[in-house]
Amino acid sequence: MKTYDGPVSDHFDGTHFFDPDGAPLRLSEVLRWQFSRGRERHKWPEWAPSPYSDTPPPSVTRGVRFSFVGHASWLIQTAGQNILIDPVWSKRVSPFSFAGPKRHNDPGIAFEALPPIDTVLVSHGHYDHLDVATLSKLVAKFAPRVITPLGNDVTMRAADSAIRAEAFDWHQRIELADGLAVTLVPTRHWSARGIFDRNKTLWASFVLETPAGKIYIVCDSGYGSGVHFRRVREAHGPLRAAILPIGAYEPRWFMKDMHMNPADAVKALADCGAELALAHHHGTFQLTDEAIDAPEQALGVALDEVGVPRDQFLVLKPGQVLEI
């Protein structure tokens, strides 16, 4: 299926998107990882419930309220607007209902407890970020705007024509409300939902402008040389907070170009210059080989090694809330 038809650019060759500062993902490496005899995959507990559950207020007019839903899903409330990031309420992140990575804990907010949703930001097309079933439920209940990188709008509307998807390129800025805007920025990743559509849709991180400061939202990214994080600091700083991924990073030889480990995330925090970081992309869906609690433990070690206070890079459980 053709998902995007547009002009050639410095990150689109007419058919495929690419990161000029990234590294290509090779199918041979995927097969080597999946079928290697020496693969060591830690077993996660069948169910790892969070002790927290959030019931958000209808809106927040002062500051910013972050509620961690789980994995890469957040509810951000600010300036009277309610914004969901990569919302996933499904049991599995997979093209199949009977196979693929499944939840190990419930969403930190019950779907029925959501306040009216104004905007949804979807970073890219991987199933653990673009969940069509959840988007359809949100559209039926709230009819929000859905902001996403180029090509993902076609994926969404092919599944549900009611989804109000708007697709944008890197560096485009979109006004969401008075005092509230979002800019799509480059990130080191890739996209696919099947075997034959690799990199036919774009991926992005977000810089959310709020009355309380700018929030840098990185849903999926490798670290590379750190250039993307430094460029965001140069173009959009200062940043009040950053949401940074710390999970899905083992084995390192394979995952390093697409997913940061906790040590990388600490470097990314220093590079982007945010006052505060919130960790995510861990503890809900087992996508890779590390143990369920390894990212949080390794993050603490990485912070201690460089002398960054642990309360500057927080790890919330699903259902926990932070207000700034």
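Visitor: Where is the place of F285?
Guide: In this predicted model, F285 sits in the loop between β12 (277–280) and α7.

Visitor: Buried or exposed?
Guide: F285 counts as buried, because its relative accessibility is 3% and the cut-off for buried is under 20%.

Visitor: What does F285 touch, leaving out residues up to four places away in sequence?
Guide: W44, H71, V88, S90, K91, V93, P101, K102 and R103.

Visitor: And how far apart are F285 and D128?
Guide: They are separated by 157 residues in sequence and by 8.2 Å in space, C-alpha to C-alpha.

Visitor: Other topic. Which residues touch the most other members of the largest nonpolar core?
Guide: F66, W74, I76, L208 and I217, in a core of 35 residues. Strands that each supply at least two of its residues include β1 (64–70), β2 (73–78), β9 (205–210) and β11 (239–245).

Visitor: What does I76 touch, again not counting residues up to four places away?
Guide: V64, R65, F66, Q81, N82, I83, I85, L208, I217 and I243.

Visitor: What lies apart from that core?
Guide: Another core, of 24 residues, with A242, L269, A274 and A279 among them.

Visitor: Now the helices. At what angle do α6 and α7 cross?
Guide: The axes of α6 (residues 262–272) and α7 (residues 294–306) cross at roughly 50° and come within 8 Å. That angle makes α6 oblique to α7. The crossing is right-handed.

Visitor: Which residues make the contact?
Guide: From α6, P262, A263 and V266; from α7, P295, A298, L299, A302, L303 and V306.

Note on methods
Residues numbered from 1 in each chain as written. Predicted model: local features only at pLDDT ≥ 70, side-chain atom pairs only at ≥ 80, totals over all residues. Heavy atoms only, no water. Axes fitted to C-alpha atoms, helices over the stretch in contact; angles between N-to-C directions. Helix = DSSP H or I, 4+ residues; strand = E, 2+ residues; numbered from the N terminus. Parallel < 35°, antiparallel > 145°, perpendicular 65-115°, else oblique. Left-handed = near helix turned anticlockwise from the far one by under 90°. Contact = heavy atoms within 4.5 Å. Core = buried A, V, L, I, M, F, W, Y, C linked by side-chain atoms within 4.5 Å. Buried < 20%, exposed > 50% of the residue type's maximum accessible area, 1.4 Å probe, protein only.
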